[in-house]
Amino acid sequence: MATGNAIRGTRVGSGPMGESERGESAQRIVVSFWCSNGHHTQPSFAHDAELPTTWDCPRCGLPANTDEKNPPPARRTEPYKTHLAYVKERRSDADGEALLEEALAKLRARRGEN
Ligand SMILES: [Zn+2]
C-alpha cells in the first residue's frame, strides 16, 4: 500500500499534487470569540493555521477573545486618532475664528477707509 502510494505520488508529482493536498485540508476550524459587549463571532480558520487568541468583534470593533466569561476590556480611548482629531478640531476652530475675525476686521477697516 505504502509502496503503491509512493509510486503514484512520484508519477503525479509533476502534476497537481498541491491541489489534492489543498482539497484534503479544506476542513476548517471554527473558533468562538466574545467581546465585552457579549457579541459572539465564529470565524473559521484553516486547520493548520495559527489560531489567534484575540479577534476584533465584527459588530462593534472591540477586541474579543475565546474566554466568554472574561472578554478583553473595551478600549476606552482610541489612542491617537480620537485625541489627534480632537486637538485638530479645536485648533482649526480657533484658527478659523481668528482668521475670520481678522478678515472681518480688515474688511471693516477697508470699508471705513472707503
Ligand atoms: Zn462586539
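## Zinc site, sheet and salt bridge

An unreviewed UniProt entry lists C35, H39, C57 and C60 under "binding site". UniProt positions follow the numbering used here, feature names are shortened, and annotations may be inferred rather than shown by experiment. These residues span 26 residues in sequence, yet no two of their C-alpha atoms are more than 8.6 Å apart, so they gather at one spot.

The model is predicted: local features need pLDDT of at least 70, side-chain atom pairs count only at pLDDT 80 or more, and totals for chains, interfaces and linings use all residues. Residues are numbered from 1 along each chain as its sequence is written, and side-chain values use heavy atoms, with hydrogens and water left out.

**The zinc ion.** Its protein donors are C35 (SG), H39 (ND1), C57 (SG) and C60 (SG), at 2.0 to 2.3 Å. Donors are N, O and S atoms within 2.8 Å of the metal (3.2 Å for Na, K and Ca); water is not among the atoms, so sites may look incomplete. Along the chain the donors follow the spacing C-x3-H-x17-C-x2-C. The four donor atoms subtend angles of 105 to 114 degrees, so the arrangement is tetrahedral (four donors, all angles between 85 and 135 degrees). The ideal angle for four tetrahedral donors is 109.5 degrees.

H39 sits in the loop between β2 and β3. C60 sits in the loop between β5 and β6. Strands are DSSP runs (E, at least two residues) and helices likewise (H or I, at least four), numbered from the N terminus. Contact means heavy atoms within 4.5 Å. Setting aside residues up to four places away in sequence, H39 touches F33, W34, C57, R59 and C60. On that basis, C60 contacts C35, N37 and H39.

**The sheet.** Four strands form an open antiparallel sheet in the order β3-β2-β6-β5. Its edge strands, β3 and β5, each pair on one side only. Strands pair if DSSP finds at least two bridges between them. Two bridges join β2 to β6. The zinc donor C35 has A64 in β6 as its bridge partner.

**The salt bridge.** The count is one. E102 pairs with K106, their closest N and O atoms 3.9 Å apart. The rule asks for a Lys or Arg side-chain nitrogen within 4 Å of an Asp or Glu carboxyl oxygen. Both residues lie in helix α3 (residues 81-113), four residues apart, or about one helical turn.

| Residue | Relative accessible area | Class |
|---|---|---|
| C60 | 32% | partly exposed |
| E102 | 44% | partly exposed |
| K106 | 49% | partly exposed |

Notes
Tetrahedral: all angles 85-135°; square planar, octahedral: opposite > 155°, others 65-115°. Buried < 20%, exposed > 50% of the residue type's maximum accessible area, 1.4 Å probe, protein only.
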